[in-house]
Amino acid sequence: RSLKADESTKDIPVVMLTPPDSDRAHAGGVPAAGTGNPGAINASVLLGKRWGTAVAAVDIAKGAAAGIVGKRVSDRAAYAAATASVVGHVFPVWSGFQGGKGVATSFGAVLGVFPAYAAPDLLVAAAAARTANHPRVANDISSVVWTAAALLWWRKRWPNRWGPAPSVALPLHAAATSALIAWRFRQPERIAGGGRLGTIAR
């Protein structure tokens, strides 16, 4: 979910900037160890919870910044930038288009372009995580509710706090990023040594 001004950083996985200070991380850092996923959970497992939290925080900030900076150009640019930040996270050019699932970045994008739904988004995600039997299912539930809320906000023209005015671009953004994340959840994860795992949580 980014404008050209942000293109130099939006595609760089945060974990490529973190030192592989765990003996479980290979010389190539987090993307070369564990599941090979440059997301917060893999970083937590390999480097500890502090690094995992830092990775998640920066990924969220990346999505939020894309939307907020985009809004300085226009509302349409805000939605385009937010969408690009998620795409850039899932397919980062700096690591051979092998990125994370985009969940944290997509929440950052919500903060940037759909702030009215940020708190409900967290509540829905927490409830889905508690009730669903698989992270993929929890993500699907959250994504459906998120996209439905975006459609409702557009149709009702409800206020969107500091975000851009709701337009058809809002549900299109939600649907596009939801579809991308759902697809990514269904891809097998790499493991160190070149093997593959079934789909697991980011």
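Here are some worked exercises on the structure above.

This is a predicted model, where local features need pLDDT of at least 70 and side-chain atom pairs count only at pLDDT 80 or more, while totals for chains, interfaces and linings use all residues. Residues are numbered from 1 along each chain as its sequence is written, and side-chain values use heavy atoms, with hydrogens and water left out.

**Exercise 1: the overall layout**

Work out how many helices and strands the protein has, and what pattern they follow along the sequence.

Solution. 
- Start with the rule: helices (H or I, at least four residues) and strands (E, at least two) are DSSP runs, numbered from the N terminus.
- The tally is eight helices and two strands.
- Reading along the sequence gives α-α-α-α-α-α-α-α-β-β.
- Now the burial: 47% of the 202 residues are buried, where buried means under 20% relative accessible area, exposed over 50%, and partly exposed in between (1.4 Å probe, protein chains only).

**Exercise 2: helix H4 and what follows**

Compare the span of H4 with its expected value, then find what His-89 touches through its side chain.

Solution. 
- H4 covers residues 75-90, so to speak 16 residues, and runs 24 Å from first C-alpha to last, close to the 22 Å expected at 1.5 Å a residue. The expected span is 1.5 Å times one less than the number of residues.
- Buried residues of H4 include Tyr-79, Val-86 and His-89.
- The His-89 side chain makes a polar contact with the side chain of Thr-105, at 3.3 Å. For that label, a pair of N or O atoms must be within 3.5 Å; within protein, one must be able to donate a hydrogen and the other to accept it, and residues adjacent in sequence count only if both atoms are side-chain atoms.
- Thr-105 sits in helix H5 and counts as buried, at 1% relative accessibility.

**Exercise 3: the salt bridges**

Find how many salt bridges there are, and say which residues pair up.

Solution. 
- The test is a side-chain nitrogen of Lys or Arg within 4 Å of a carboxyl oxygen of Asp or Glu. By this rule there are two salt bridges.
- One joins Asp-59 to Lys-62, with the closest N and O atoms 3.6 Å apart. Both lie in helix H3 (residues 49-71), three residues apart, about one turn of the helix.
- Asp-59 is buried at 1% relative accessibility, and Lys-62 is buried at 11%.
- Another joins Asp-140 to Arg-186, with the closest N and O atoms 2.6 Å apart. Asp-140 is in helix H7 and Arg-186 in the loop between helix H8 (169-185) and strand S1 (189-190), so this pair ties together parts 46 residues apart in sequence.
- Asp-140 is partly exposed at 23%, and so is Arg-186 at 39%.

**Exercise 4: around Val-145**

Which residues is Val-145 in contact with, leaving aside neighbours within four places in sequence?

Solution. 
- Val-145 lies in helix H7 (residues 135-156) and is partly exposed, at 32% relative accessible area.
- Contact means heavy atoms within 4.5 Å, and the partners are Tyr-117 and Val-124.
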